[in-house]
Amino acid sequence: MTKSELEAEFAFHLKALKIKKSEREYTFARPRRWRFDFAWVDEKIAVEIEGGIWTGGRHVRGKGFENDCEKQNQAQLMGWAVYRFTPTHIARGDAVEIIRKALKTRHEEAVSLVYKLSLLTTKRKRKKKGE
């Protein structure tokens, strides 16, 4: 199965489970031309589909692997959670389930942060009023 076929299968799984729409081939870290195969920009969640792992594809050979490490490290420094999936992960449904959980977790973290910020704001307002 080609990488584009794997990406199409993963996109089908996302749509079938009604998971929030992602951006395809999202470019980050400009001026670098690095792209994620799938990205949920607001949540800073990215997916890389790893094709060719059993055929000696570019991403598993020396320089290609090093470049992918550099890209992933930079993404993580920028706050991205990067998930890498093989054809097996996609076929079994593991990939889509992990992304579903990751999006849910990021949503819960955001809600918790908003709640904490509202408490701090309320506390600060009370302090200013002398309560």
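Good morning, colleagues. Please keep in mind throughout that this is a predicted model.

Let me begin with the strands. Strand E2 spans residues 35-40, and five of its six residues are buried, so the rest of the structure largely encloses this strand. What does E2 pair with? On one side of the account is strand E1, residues 23-27, which is joined to E2 by four bridges and runs antiparallel to it. In that pairing, Tyr 26 stands opposite Phe 36 of E2. There is also strand E3, residues 45-49, which is antiparallel to E2 and connected with it through three bridges. Here Trp 40 stands opposite Ile 45 of E3. E2 and E3 together form a hairpin, with four residues between the two strands. Within that turn, Lys 44 has a positive phi of about 55°.

I turn now to helix H2, and to Ala 75, which is found in it. Is Ala 75 buried or exposed? Its relative accessibility is 0%, and Ala 75 therefore counts as buried, the cut-off being under 20%. Which residues does Ala 75 contact, once neighbours within four places in sequence are left aside? They are Phe 28, Phe 36, Trp 80 and Val 82.

Next, the salt bridges. Side chains of opposite charge can pair when their charged atoms come close. How many salt bridges does the model contain? The count comes to 10, and I shall discuss some of them.

One of them is formed by the side chains of Glu 7 and Arg 24, at 3.5 Å from N to O. This pair links distant parts of the chain, with Glu 7 in helix H1, residues 3-16, and Arg 24 in strand E1, 17 residues apart. The two partners can be described in turn. Glu 7 has a relative accessible area of 8% and is therefore buried, whereas Arg 24, at 41%, is partly exposed.

Another salt bridge is formed by Arg 32 and Glu 70, whose closest N and O atoms are 3.2 Å apart. Again distant parts of the chain are linked: Arg 32 lies in the loop between E1 and E2, Glu 70 lies in helix H2, and 38 residues separate them. Arg 32 counts as partly exposed at 37% relative accessibility, and Glu 70 counts as partly exposed at 39%.

A further example is the salt bridge of Glu 97 with Arg 100, in which the closest N and O atoms are 2.4 Å apart. Both residues lie in helix H4, residues 94-129, and they are three residues apart, about one turn of the helix. Glu 97 is partly exposed, with a relative accessible area of 28%, and Arg 100 counts as partly exposed at 34%.

His 13 is buried, with a relative accessible area of 16%. Apart from neighbours within four places in sequence, His 13 is in contact with Ile 90 and Val 96.

Finally, the cavity. The count comes to one cavity of 30 Å³ or more, and the largest cavity has a volume of about 60 Å³. Which residues line the largest cavity? They are Glu 48, Glu 50, Asp 68, Lys 71, Gln 72, Val 82 and Arg 84. By class, this lining has five charged residues, one polar and one nonpolar. Helix H2, residues 62-77, and strand E4, residues 81-85, each supply at least two residues of the lining. H2 gives the most, with three residues. Val 82, which belongs to this lining, is also among the contacts of Ala 75.

To close, I would recall two points. E2 has five of its six residues buried, and the lining of the largest cavity includes five charged residues. Thank you for your attention.

Key
Residues are numbered from 1 along each chain as its sequence is written. This is a predicted model: local features need pLDDT of at least 70, side-chain atom pairs count only at pLDDT 80 or more; totals for chains, interfaces and linings use all residues. Side-chain values use heavy atoms; hydrogens and water are left out. On a 1 Å grid over the protein atoms alone, a cavity is a set of points where a 1.4 Å probe fits but cannot get out, and a pocket is an open set with protein on both sides within 12 Å along at least five of seven lines; lining residues have an atom within 4 Å of a point. Grid points are joined across faces, edges and corners, and a volume is the space filled by probe spheres set on the points. Ala, Val, Leu, Ile, Met, Phe, Trp, Tyr, Cys and Pro count as nonpolar, Asp, Glu, Lys and Arg as charged, and the others, Gly among them, as polar. Buried means under 20% relative accessible area, exposed over 50%, partly exposed in between (1.4 Å probe, protein chains only). Two strands pair if DSSP finds at least two bridges between them. Contact means heavy atoms within 4.5 Å. A salt bridge is a side-chain nitrogen of Lys or Arg within 4 Å of a carboxyl oxygen of Asp or Glu.
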